[in-house]
Amino acid sequence: MSKKLYKSRDRILAGVCGGIAEYFGVDPTLVRVIWAVLICCFGTGILAYIICMLIIPEMPNGTVIVEDDIEKK
């Protein structure tokens, strides 16, 4: 089963950062901070966020995010 990128249901604005965080298995706050830095420093983050809002699909109902292959140390 392959992973797919969807907008998150745990959203602040449109769910883009949450969806990217779920896809890569990182904390959504980290993705939001990186995006904020891109917006403040370069201004390209706003355009990229709008494009992602339009391109990334909504998560279908009934879809469950499963974190597999997690190593506990």
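Contact means heavy atoms within 4.5 Å of each other. The model described here is predicted, so local features need pLDDT of at least 70, side-chain atom pairs count only at pLDDT 80 or more, and totals for chains, interfaces and linings use all residues. Residues are numbered from 1 along each chain as its sequence is written, and side-chain values use heavy atoms, with hydrogens and water left out.

The chain contains three helices and zero strands. Helices (H or I, at least four residues) and strands (E, at least two) are DSSP runs, numbered from the N terminus. Read along the sequence, the pattern is α-α-α. Of the 73 residues, 26% count as buried. Here, buried means under 20% relative accessible area, exposed means over 50%, and partly exposed lies in between (1.4 Å probe, protein chains only). The accessible surface of the chain is about 5,800 Å². Carbon and sulfur atoms hold 65% of that surface. Accessible areas come from the Shrake-Rupley method with a 1.4 Å probe; for residues, only the protein chains shown count as cover. Among contacts in the chain with a separation of 6 or more, 45% come from residues 24 or more positions apart.

Two packed helices are described by the angle between their axes and the distance between the axes. Helix 1 spans residues 16-24 and helix 2 spans residues 28-41. Their axes come within 8 Å and cross at roughly 125 degrees. Axes are lines fitted to C-alpha atoms, for helices over the stretch in contact, and angles run from 0 to 180 degrees between N-to-C directions. Helix 1 and helix 2 are therefore oblique to each other. Angles under 35 degrees count as roughly parallel, over 145 as roughly antiparallel, 65 to 115 as roughly perpendicular and the rest as oblique. The crossing of helix 1 past helix 2 is right-handed. A crossing is right-handed if the near helix is turned clockwise from the far one by less than a right angle, and left-handed if anticlockwise. Helix 1 contributes Val16, Cys17, Gly18, Ile20 and Ala21 to the contact. Helix 2 contributes Pro28, Val31, Arg32 and Trp35. By class, these residues are seven nonpolar, one polar and one charged. Ala, Val, Leu, Ile, Met, Phe, Trp, Tyr, Cys and Pro count as nonpolar, Asp, Glu, Lys and Arg as charged, and the others, Gly among them, as polar.

The buried residues of helix 1 are Val16, Cys17, Gly18, Gly19, Ile20 and Ala21. Their cover includes helix 2 and helix 3 (44-55). Alanine 21 lies in helix 1. Alanine 21 is buried, with a relative accessible area of 1%. Not counting residues up to four places away in sequence, alanine 21 touches Val26, Asp27, Pro28 and Val31. Alanine 21 and arginine 32 are 11 residues apart in sequence, yet 8.9 Å apart in space, C-alpha to C-alpha. Just after helix 1, glycine 25 adopts a positive phi of about 75 degrees.

On the helix 2 side, the contact is made by Trp35, Leu38 and Ile39. On the helix 3 side, it is made by Thr44, Gly45, Ile46, Ala48, Tyr49 and Cys52. This contact has seven nonpolar, two polar and no charged residues.

Leucine 38 is found in helix 2. Leucine 38 is partly exposed, with a relative accessible area of 32%. Leaving out residues up to four places away in sequence, leucine 38 touches Gly43, Thr44 and Gly45. Leucine 38 and alanine 48 are 10 residues apart in sequence and 9.7 Å apart in space, C-alpha to C-alpha. Isoleucine 39 also lies in helix 2. Isoleucine 39 is partly exposed, with a relative accessible area of 32%. Apart from neighbours within four places in sequence, isoleucine 39 is in contact with Gly45 and Ile46. Isoleucine 39 and tyrosine 49 are 10 residues apart in sequence and 9.4 Å apart in space, C-alpha to C-alpha.
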